[in-house]
Amino acid sequence: MKTRIGLLYGGKSAEHKVSMQTALAVMKALDFENYEVYPIYITEEGDWTKGPQLSAPAENIKQLEFADGSNLPSPSFSPALFQADGKEESRTLDVIFPLLHGPNGEDGTVQGLLELLNLPYVGNGVLASSAGMDKIIMKNIFAQAGLPQVDYIAALRSEWEKNCDKVYALVEERLGYPCFVKPANLGSSVGISKASSKQELEVAFKEAFLFDRKIIVEQGVVAREIEIGVLGNDEPECSVAGEIVPKKDFYDYKAKYEDGDTAMIIPAELTEQQYAEVKEMAITAFKALDCSGLVRADFFLTKDGQFLINEVNTMPGFTPFSMFPLLWKHTGVAYPQLIEKLVNLGIERHAEKQKIKYTF
């Protein structure tokens, strides 16, 4: 029998467009001989829409939005979204693949919904997703796990609005320039700015607070940017390492998705000892957050040879040209195989959870 898979994409997030690109790429890589594929689209306004079973991949993003009028008459959330086509009473989809980036999708909210519905799904659970999305919580957990990282401070919009000069002074005193200002709960480098002066810091704060009520400010460091993929559940494995070489000051949204103004070196030029060290740190981070399925772990490698963990991404960019799939391609796992492995890991994790006894 074919595996009935629901591709969940879009989302009420600043990363909506990134999710659409990911969904189109995954859909084109799926083997329709082995899968019944059902598209489930969340609009930018938060409406849920399920399309009919696909007989072939969509050709473009417009089709993923059901622009041809094939969407439900009244788009809204319902458990019926996760039912396969057919007259049988019990035709629940076998697994959901959340291809959502950013808040309202990658942050544990949708994962919690799928848990309540007791549906198997690909990727990280509620805790890992929410902690991995919140850069402040994530860094606090990494510190507890003994992982070295750059110095940082957190700031709330309410604190900043009350006394912005106090917040700026704290940044200058503890971190200095340059520093990086980021929304705490967002990915794809959206809302991130580099500040090399007080004037740039003020602009960076205003930009970051457009996307979140709390932000994180990190100390600038001169270092190489090393990334590694982690795949698995309780016994995770690592890919080869890669290196990001941005032509700009840093790897921002435009460099990632629009102008391609960056280079990816795979595998990264590391010694055996360095590779072993970064693998160990990546798996430590994976387990510290109780991750499952996949993460991309990002590190800085300083001039004196020290690795500093930057962050993990619990739903990294997932087109064939994104770093995570490319890392696994160079490790010997092609894009369609990677998708299949992730689907199986999601089903495996769900089956394990069914062993838990909730009554006594």
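Biologist: Where is aspartate 290 placed?
Modeller: Start with the elements: helices (H or I, at least four residues) and strands (E, at least two) are DSSP runs, numbered from the N terminus. On that basis, aspartate 290 falls in the loop between α10 and β12 (293-302).

Biologist: What is the phi of aspartate 290?
Modeller: This is a predicted model, in which local features need pLDDT of at least 70, side-chain atom pairs count only at pLDDT 80 or more, and totals for chains, interfaces and linings use all residues. Residues are numbered from 1 along each chain as its sequence is written, and side-chain values use heavy atoms, leaving out hydrogens and water. Aspartate 290 is not a glycine, yet its phi is positive, at about 55 degrees.

Biologist: Is aspartate 290 buried, partly exposed or exposed?
Modeller: Buried means under 20% relative accessible area, exposed over 50%, and partly exposed in between (1.4 Å probe, protein chains only). Aspartate 290 has 48% relative accessibility, so the class is partly exposed.

Biologist: Which elements do the buried residues of α3 pack against?
Modeller: Helix α3 spans residues 109-116, and its buried residues are Val110, Gln111, Gly112 and Leu114. Contact means heavy atoms within 4.5 Å. The partners are β1, β3 (48-50), β4 and α4.

Biologist: At what angle do α4 and α5 cross?
Modeller: Axes are lines fitted to C-alpha atoms, for helices over the stretch in contact, and angles run from 0 to 180 degrees between N-to-C directions. The axes of α4 (residues 126-133) and α5 (residues 135-144) come within 5 Å, crossing at roughly 105 degrees.

Biologist: Is that pair roughly parallel, roughly antiparallel, roughly perpendicular or oblique?
Modeller: Angles under 35 degrees count as roughly parallel, over 145 as roughly antiparallel, 65 to 115 as roughly perpendicular and the rest as oblique. The crossing is roughly 105 degrees. That makes α4 and α5 roughly perpendicular.

Biologist: Which residues of α5 contact α4?
Modeller: α4 contributes Ala131, Gly132 and Met133. From α5 come Lys135, Ile137, Met138 and Ile141.

Biologist: How many disulfides does the structure hold?
Modeller: A disulfide is a pair of cysteine sulfur atoms within 2.5 Å. For cysteine 164, the nearest cysteine sulfur is that of cysteine 179, 15 Å away. Cysteine 164 is partly exposed at 29% relative accessible area, while cysteine 179 is buried at 0%. The number of disulfides is zero.

Biologist: Which residue does a cis peptide bond join to isoleucine 266?
Modeller: Omega is about -5 degrees at this bond.
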